[in-house]
Amino acid sequence: MEGAQVEDEAASRLRGLLRAQGTIIGVLDLQTVLLRVVEAACELVGAPYGALGVVAPDASGLEQFIHVGMDPDDVARIGHLPEGKGLLGALIEDPRPIRLEDLRDDPRSAGFPEGHPPMRGFIGVPIRVREEVFGNLYLATLDPRGFDAADEELVSSLAATAGNAIQNARLYDTARRRQTWLQASMDTTLQMLTGTPSDMLEMIGRSVRDLSDADIVTVVQPTPDKHTLTVPAAVGVSSEELMSSTYAIENTVSEQVLTSGQPVVMDVTRDQLPGGRRALYLSSVVPVGPVMVLPLVGAATTRGVLVVGRVRGRARFTTEDVEMASSFANHASIALELMEARRDQQRMLLLEDRARIARDLHDHVIQQLFAAGMGIQGVAAGLDERRADQLEDVVARVDEAIRQIRSSIFQLTPQRFSGELRTAVMEVVTEVTPLLGFSPEVGFNGPVDILSDPELTADVAAVVREGLTNVARHASASRAQVTVTGTTGRMTVSVTDNGAGLGDTGRRSGLDNIRLRAEQRSGALTIEDAAPGTRLTWSASVV
């Protein structure tokens, strides 16, 4: 009879184990799995109290603590949950099952907080996911009989099943989150095609904050001088205080990530900052704990970093968090570059269209007006004085129209750089035209504005002024042409006319001055003075 009772008890325990395993297998939400593991273990061995502690990645303590059986009022009075010290920490240091008849007799159980319910029997077993200890399952009872070896064996078997269930839940959660991150990358890339860079940086920060369950995300970029960092976008806790802040780049975690192109993951409250004394600016404003600093890697360089933080006490970022967020950051960075390239292309198309209009005005409209004016002057030569004067008025209006069109041409011509060489040359031409008695032709070849700077612009303007002034004073010319040509390393200015040449003009201090300007820039001044006509050629290095 006694043997049959033992067999019935063993069969009952086995059925209980199968039921417990059935309650956790197939559940794909990780938090639900953890709670069900504790509940099933308590039911399996009749324990009134149970808990599951998730071990921190660095095995320094417990990262999560899921418990059942305690009254909510008792939990509130106790305050913070266990951190994995004493008896609970023993399993972390040595992940082998522990079974105690009365845990009060074990010196490792000292330090129970005030208000904690009394406990007697204790079982603790590790939960392994593959070969890694994921956490520990703890059970306690007030029954004087405590737990026996069969209870320990049952709980260990359940812990093995729990490890598989946790692994499945983690894989499912990782796959689901990867899909969410991928969809967010696609959505962000599409939205970047119509937004501005500042809007896109904020969108990146908002997406990373939501997808990584973070409390604060900042986008950090180096300033042009490379000595300071600025925060063009911040989303989350204290974002207004962080927005647009600047600080020195030296000895910061951001500097390390910008230099290495590799992410940094840490918990500010536990880990030593990488590189020894490197500072994390975010922690001076927000009480963060877990942090990951991710590079925004572009096609050619690292354009900035994402600093992602959770407040102190929250779970660390996992390897999967870092991997998925880094991939998103890289996609976002490339999308930013594509958006900027697309905007530059549109700007270039606009500039090219404006340049085409300017060329058409110069090559066709102005020439036609100029020819019409010449024709009118020819007709006026054969008329009486009154009618000739009327036609001369018409010619004057045509000349004024030509000047206005020339002004419009050079307003249409791109002037994107500080030198503004084209404008300076045209101002000189306008200034000297009354001395000449006619409008000289002006032409530009190559990216002269791109190559120029304020000092070179001043030199070119001086050359044009000197050349045209000499034509007006000495050449008795009816036609003059100014051509400015820019190449990769040299700027060349030529002034030609159809006059009688310079002749013996006595002092040539003006020419000496522009010759000196050329020599100071590793250039030269040449004058071809052979009537009819004179060519002044001035060249200088732009390096």
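Let me start with contact order. Among contacts in the protein chain between residues at least 6 apart in sequence, 61% join residues at least 24 apart. Keep in mind that this is a predicted model. The chain has 543 residues, and 44% of them count as buried. Its accessible surface comes to about 28,300 Å², with 51% of that belonging to carbon and sulfur atoms. In secondary structure, the protein chain comes to 14 helices and 16 strands.

Six strands make up an open sheet, and going across, the order is β8-β7-β6-β11-β10-β9. The pairing is antiparallel. Which strands stand at the edges? They are β8, residues 246–248, and β9, residues 264–267. Each has a single partner strand, so one side of each is left without a neighbour in the sheet. On average, neighbouring strands here are turned by 25° against each other, direction ignored.

If you want a specific position to look at, Thr228 stands opposite Ala248 in β8.

Helix α8, residues 253–260, packs on this sheet. What does α8 touch? The list is β6 (216–222), β7, β8, β9, β10 (288–297) and β11 (302–311). Relative to β11, the direction of α8 makes about 135°.

Next, helix α4, residues 86–93. Six of its eight residues are buried, so α4 is largely enclosed by the rest of the structure. The buried ones are Leu87, Leu88, Gly89, Ala90, Leu91 and Ile92. What covers them includes five strands: β1 (49–55), β2 (62–68), β3 (98–100), β4 (121–129) and β5 (132–141).

Last, helix α2, residues 30–45. A simple geometry check works here: at 1.5 Å a residue, its 16 residues should span 22 Å, and the end C-alpha atoms are 23 Å apart, which agrees. Which residues of α2 are buried? Val33, Leu34, Val37, Val38, Ala40, Ala41, Cys42, Leu44 and Val45. As for the spacing in that list, an α-helix has 3.6 residues a turn, so residues three or four places apart point the same way. After α2 comes Gly46, with a positive phi near 70°.

Key: Residues are numbered from 1 along each chain as its sequence is written. This is a predicted model: local features need pLDDT of at least 70, side-chain atom pairs count only at pLDDT 80 or more; totals for chains, interfaces and linings use all residues. Side-chain values use heavy atoms; hydrogens and water are left out. Two strands pair if DSSP finds at least two bridges between them. Helices (H or I, at least four residues) and strands (E, at least two) are DSSP runs, numbered from the N terminus. Axes are lines fitted to C-alpha atoms, for helices over the stretch in contact, and angles run from 0 to 180 degrees between N-to-C directions. Contact means heavy atoms within 4.5 Å. Buried means under 20% relative accessible area, exposed over 50%, partly exposed in between (1.4 Å probe, protein chains only). Accessible areas come from the Shrake-Rupley method with a 1.4 Å probe; for residues, only the protein chains shown count as cover. The expected span of a helix is 1.5 Å times one less than its number of residues.
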